[in-house]
Amino acid sequence: MSAGPSSDGPAGDLPPPREDDLPLSREEDLTALREQALEVGTASGLDAIGVAGAHPFDDVRTEIERRRDEGLHGGMQFTFRNPARSTDPSRILAGARSLVVGARRTPAARLAEVGAGRMRIAAYARHDHYADLRAALQAVAERLRSAGWSAIVVADDNALVDRAAAVRAGVGWWGRNANVLVPGRGSWFVLGSVVTDAPLTPSTPVDDGCGTCRQCLDGCPTGAIGDNGVIDARRCLAWLVQAPGAIPREFREALGGRLYGCDECQEVCPVGRPERVAEGRVDHGADVEASAVLDATDDELLDRFGRWYIADRDPRYLRRNALVALGNTGSPEDPGVERRMRRALADPDPLIRSHAVWAAGRLGRIDLLAGVDDSAPEVAEELAVLAGRVGS
Ligand code: B12
Ligand code: SF4
Ligand code: SF4
């Protein structure tokens with residue numbers, strides 16, 4: 001079958017065929033191809049799949065630029081670096097006509113709070129779900145290519161606004177927590193697309209399912225969610241654990257035992273909750289000992305967690321997070337906690353020392369600071385804040 005303009009790349013100099021110009025047999029081919037592509041996606045492990053037109057997401061671009069101008073991005077790059085590019089699929093594939101958008105579930109059994117000295121990894125980061133998602137999308141892309149069309153997979157790589165694509169493709173609706181919710185199942189999904197020059201018929205968007213619910217706005221530990229799913233990244237724990245520099249003092253207690261990611265605005269969401277309770281499984285990838293992070297070498301940390309977004313790919317930021325988590329969840333009398341605190345207070349990196357000072361205060365182990373006289377500005381400031389608190 002020859003349904004497309006070329007077998008190995010963008011449409012080249014030829015303009016892509018217009019759907020309404022196509023002979024009937026070509027339309028039939030496209031209808032069958034669409035169904036096959038969706039079937040391949042489902043068979044390859046996508047939990048939800050839909051088709052959208054590939055015209056630019058102009059409203060999203062405007063919204064990203066507005067948030068950036070107002071500082072709500074908190075210095076994030078991602079899609080904020082070049083909104084014009086991230087919102088125009090034709091920058092990925094010249095002549096793009098359609099997006100086949102897939103969602104892959106990130107299983108997330110409901111779990112008890114972390115135990116003493118332990119830290120939680122958010123559901124999407126416990127396993128390389130993006131690898132599974134991309135593999136399934138590649139299978140879809142292969143099917144399209146085998147029919148002569150061009151197809152490129154994008155997932156979480158800032159080339160495309162993945163949520164907006166999913167909403168346009170009828171995979172889910174915009175939740176008030178900013179996530180895309182799949183009807184009946186909630187937001188525990190990662191999202192990606194196949195950008196293709198095949199002119200496929202779009203799916204029907206799904207209706208809003210939040211209704212009058214506002215549980216995520218009330219449940220966010222830092223009040224980071226505004227109206228219309230607007231996240232203030234400067235307050236969002238999911239960003240603060242990734243961001244470079246110090247974790248702002250005002251949010252450290254709220255960080256609790258989190259090492260990476262924050263699931264709170266999904267935990268409180270009622271959509272899909274019955275499915276999660278019924279799972280009843282222990283999630284072995286969910287928690288990690290703070291000691292395992294604080295005792296590991298740089299290479300060990302990157303081996304284990306290197307697929308995460310870590311600022312500058314510098315493992316010091318994982319140790320920083322671990323110290324805050326240890327301060328929040330550690331047992332003050334545990335000799336292992338004391339040993340690690342002493343080592344962190346003597347670390348050559350002032351970022352580590354300053355967070356260790358905070359953790360010592362949080363644990364009520366001011367005694368560990370006896371004799372600490374640190375002139376590095378961030379450590380001296382932390383000591384002064386603590387002295388003020390202890391003295392008042
Ligand atoms: C930057 C980013 C972040 C940032 C900022 C998130 C944000 N909300 O902007 C940080 C680091 C905080 C983050 C956190 C998380 N992220 Co993130 N993130 C991204 C990234 C790279 C870009 C998102 C983006 O462009 N945001 C820009 C803003 C403008 O878009 P938006 O938030 O979707 O805003 C829209 C709504 O407000 C909507 N809207 C307009 N009008 C209205 C009206 C109403 C009533 C409503 C409700 C909405 C609405 O329109 C806006 C623009 O179209 C994408 C990957 C990608 N390439 O797309 C992943 C992505 C969005 N993240 C994802 C995930 C899994 C998460 C976390 C759940 C991870 C975790 N557990 O820690 C949290 C969730 C936090 C949250 N509540 O948003 C998934 C989304 C999964 C899903 N089901 O929605 C994505 C798509 C990654 C992927 N490929 O799977 N993320
Ligand atoms: S990820 Fe956490 S901090 Fe960010 S909006 Fe959701 S609940 Fe709030
Ligand atoms: S908690 Fe309620 S308002 Fe928030 S996303 Fe879920 S259903 Fe929507």
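## Strand β3 and its sheet

In this predicted model, strand β3 (residues 118-121) pairs with β9 in the antiparallel sense, over 3 bridges. Within that pairing, Arg 118 stands opposite Glu 289 in β9. The two strands belong to an open sheet of 3 strands, ordered β8-β3-β9, in which the pairing is mixed. The edges are taken by β8 (258-260) and β9 (287-289), each of which pairs on one side only. From one strand to the next, the twist averages 40 degrees.

Strands of a sheet pair through backbone hydrogen bonds, and the pairing can be parallel or antiparallel.

## Helix α14 and Leu 318

Helix α14 (residues 316-329) lies across β3 and β8, and runs at about 160 degrees to β8. Leu 318 has its place in this helix. Is Leu 318 buried or exposed? Leu 318 counts as buried because 24 C-beta neighbours lie inside 10 Å, and the cut-off for a buried residue is 20 or more.

Apart from neighbours within four places in sequence, Leu 318 is in contact with Val 293, Leu 301, Phe 305 and Ile 310. Phe 251 is 67 residues from Leu 318 in sequence, and the C-alpha atoms of these two residues are 16 Å apart in space.

## The sheet of four strands

Another open sheet is formed by 4 strands in the order β1-β2-β7-β4, with antiparallel pairing. At its edges stand β1 (48-53) and β4 (151-154); each has a single partner strand, so one side of each is left without a neighbour in the sheet. The twist in this sheet averages 20 degrees from one strand to the next.

Strands β2 (residues 98-105) and β7 (residues 189-196) run antiparallel and are joined by 8 bridges. Ser 98 is placed opposite Thr 196 in β7. Helix α5 (residues 129-146) packs on the sheet and touches β2, β4 and β7, with a direction that makes about 25 degrees with that of β7.

## Domains

The protein chain is divided into two parts: domain 1 covers 19-109 + 123-196, and domain 2 covers 289-391. Between the C-alpha centres of domain 1 and domain 2 the distance is 39 Å.

## Surroundings of ligand 1

Ligand 1 is surrounded by 41 residues, and the closest are Asp 156, Val 190, Gly 229, Ala 238 and Gly 261. Several elements supply at least two residues each to this shell: α2 (58-69), α3 (78-81), α6 (162-168), β7 and α8 (237-240). By class, the shell around ligand 1 holds 23 nonpolar, 11 polar and 7 charged residues.

Which residues are closest to ligand 3? They are Gly 175, Cys 210, Cys 213, Cys 216 and Cys 269, out of 13 residues that surround ligand 3. This shell consists of 8 nonpolar, 3 polar and 2 charged residues.

Note on methods: Residues are numbered from 1 along each chain as its sequence is written. Chains are lettered from A and ligands numbered from 1 in the order in which they are written. This is a predicted model: local features need pLDDT of at least 70, side-chain atom pairs count only at pLDDT 80 or more; totals for chains, interfaces and linings use all residues. Domain bounds come from an automatic or database domain assignment. A residue is near a molecule or strand if its C-beta atom, placed from the backbone, lies within 6 Å of it. Ala, Val, Leu, Ile, Met, Phe, Trp, Tyr, Cys and Pro count as nonpolar, Asp, Glu, Lys and Arg as charged, and the others, Gly among them, as polar. Two strands pair if DSSP finds at least two bridges between them. Axes are lines fitted to C-alpha atoms, for helices over the stretch in contact, and angles run from 0 to 180 degrees between N-to-C directions. Two residues are in contact if their C-beta atoms, placed from the backbone, lie within 7 Å. A residue is buried if 20 or more other C-beta atoms lie within 10 Å of its own, exposed if 12 or fewer, and partly exposed in between; C-beta atoms are placed from the backbone.
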